[in-house]
Amino acid sequence: MVLATIDAGTGRRGPRQMWPPDLNRPVWNAGIVAAITWERDVAEVYDATSAEMFKPAILDPTIDLLEELAGGGPALEFAVGTGRVALPLSARGVSVTGIELSPHMVAQLHAKPGADEVPVTVGDMTTTRVPGTFTLVYLVWNAIMNVTTQDEQLAVFANAAAHLEPGGSFVVEVGVPQLRRLPPGEIGRIFALDPDHVGIETFDDLVGQVAWSHHWMEGDGRLVRHSAPYRYVWPSELELMARMASFRLRDRWAGWRREPFTSESTGQVAVFEKMA
Ligand SMILES: C[S@@+](CC[C@H](N)C(=O)[O-])C[C@H]1O[C@@H](n2cnc3c(N)ncnc32)[C@H](O)[C@@H]1O
């Protein structure tokens with residue numbers, strides 16, 4: 001299978017990535033896996049195929065917590081997508097700005113009510129700077145994993161720090177790697193098996209911590225096939241990356257309702273505070 005990519009560093013269209021990856025390379029992802037852009041077909045059905053994530057049960061506590069952490073100041077969303085979070089947060093009166101790699105996702109955002117209030121820059125969250133400083137930068141729904149090397153993930157933290165005032169918050173919502181769910185000898189597992197969505201995750205590179213997420217989704221009467229690599233990140237590694245970018249871990253919960261984070265948690269909402 002051939003996948004279109006955009007080079008995460010330059011924003012230019014890069015070499016097309018293949019799956020399955022060439023595992024004969026010592027570390028096959030090094031320097032060659034770029035962020036995969038959400039192409040037009042995926043962007044057009046993103047909201048329909050993510051309907052679960054738009055439900056008030058998920059979105060309301062997300063917006064409540066982000067509004068509280070913004071503390072009346074401006075917020076910046078990295079990987080803002082179609083505005084699932086940014087638009088309702090803006091509707092609460094928070095000034096929200098976005099950075100997003102895929103122009104197709106931004107086009108979907110622009111077509112929605114309230115989009116005029118949310119300026120978005122098309123760019124890479126590892127490097128793109130927007131004017132001003134913020135009290136809150138946030139990166140939700142596993143999007144830190146869309147940059148597929150440790151260096152790029154570190155660059156995301158550094159870029160968040162560059163946009164924050166001292167004392168400001170960087171919120172990262174990301175899953176805990178589910179390697180324990182893998183039967184011995186298997187490289188993949190089914191994580192979604194619904195009538196309109198089949199999802200398979202394969203752990204392809206245990207050195208570079210790169211897995212691939214494969215989706216077959218139905219949206220607006222169409223079947224969409226989407227595969228993308230992501231770099232999974234352990235909770236302790238995330239905390240260390242934050243410390244390297246002058247943050248301290250202020251809170252870590254298992255979810256947006258401040259559920260306790262334990263060894264059994266499958267996801268985390270981490271709040272990092274920028275040190276002076
Ligand atoms: C799972 S979607 C999340 C979108 C949105 N934050 C939400 O919660 O609905 C991941 C998004 O990350 C974007 N993305 C991937 N790599 C990126 C990068 N390096 N810089 C900025 N955006 C990126 C994709 O284009 C996509 O819109």
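Here is a short chat about this predicted model, going from the overall picture to strands, a helix, loops and the ligand.

Reader: Before we start, what sort of model is this, and how are residues numbered?
Author: It's a predicted model, so local features need pLDDT of at least 70 and side-chain atom pairs count only at pLDDT 80 or more, while totals for chains, interfaces and linings use all residues. Residues are numbered from 1 along each chain as its sequence is written.

Reader: What share of the protein's residues is buried?
Author: A residue is buried if 20 or more other C-beta atoms (placed from the backbone) lie within 10 Å of its own, exposed if 12 or fewer, and partly exposed in between. Of the 276 residues, the buried share is 40%.

Reader: How many residues of β6 are buried?
Author: β6 covers residues 134-139 and is mostly covered. The buried count is 6 of 6.

Reader: Which residue of β6 is the bridge partner of Glu77?
Author: Strands pair if DSSP finds at least two bridges between them. β3 (residues 75-78) and β6 pair in the parallel sense over 3 bridges. In β6, the partner of Glu77 is Tyr138.

Reader: And which residue in β4 stands opposite Glu77?
Author: β3 also runs parallel to β4 (residues 96-100), with 4 bridges joining them. The residue opposite Glu77 there is Gly98.

Reader: Which residues of β3 are buried on its two faces?
Author: In a regular strand the side chains alternate between the two faces of the sheet. Both faces of β3 are covered, with Ala75 and Glu77 buried on one side, and on the other Leu76 and Phe78.

Reader: What is the handedness of the β-α-β unit made by β6, α5 and β7?
Author: β6 and β7 pair in the parallel sense over 5 bridges, and Phe134 stands opposite Leu164 in β7. A crossover is right-handed if, with the strands pointing away from the viewer, the path from the first strand over the helix to the second runs clockwise. The unit of β6, α5 and β7 is right-handed.

Reader: Why do the buried residues of α6 line one face of the helix?
Author: In α6 (residues 235-244), Leu238, Met241 and Ala242 are buried. Seen down the helix axis, they line one face because the arc they fall within, taken from the directions from the axis to the C-beta atoms, is 100°.

Reader: Which exposed residues sit on the face of α6 turned away from its buried side?
Author: The cover over the buried residues includes α5 (150-163), β7 (164-175), β12 (247-253) and β13 (267-274). The face turned away carries Ser236 and Met244.

Reader: Where is Asn142, with its positive phi?
Author: Most residues other than glycine have a negative phi. Asn142 has phi near 70°, and it is partly exposed, with 17 other C-beta atoms within 10 Å. Its place is the loop between β6 and α5.

Reader: Which residues are closest to the ligand?
Author: A residue is near a molecule if its C-beta atom, placed from the backbone, lies within 6 Å of it. In all, 22 residues surround the ligand. The closest are Ala79, Gly81, Arg84, Leu101 and Ser102.

Technical notes:
Two residues are in contact if their C-beta atoms, placed from the backbone, lie within 7 Å.
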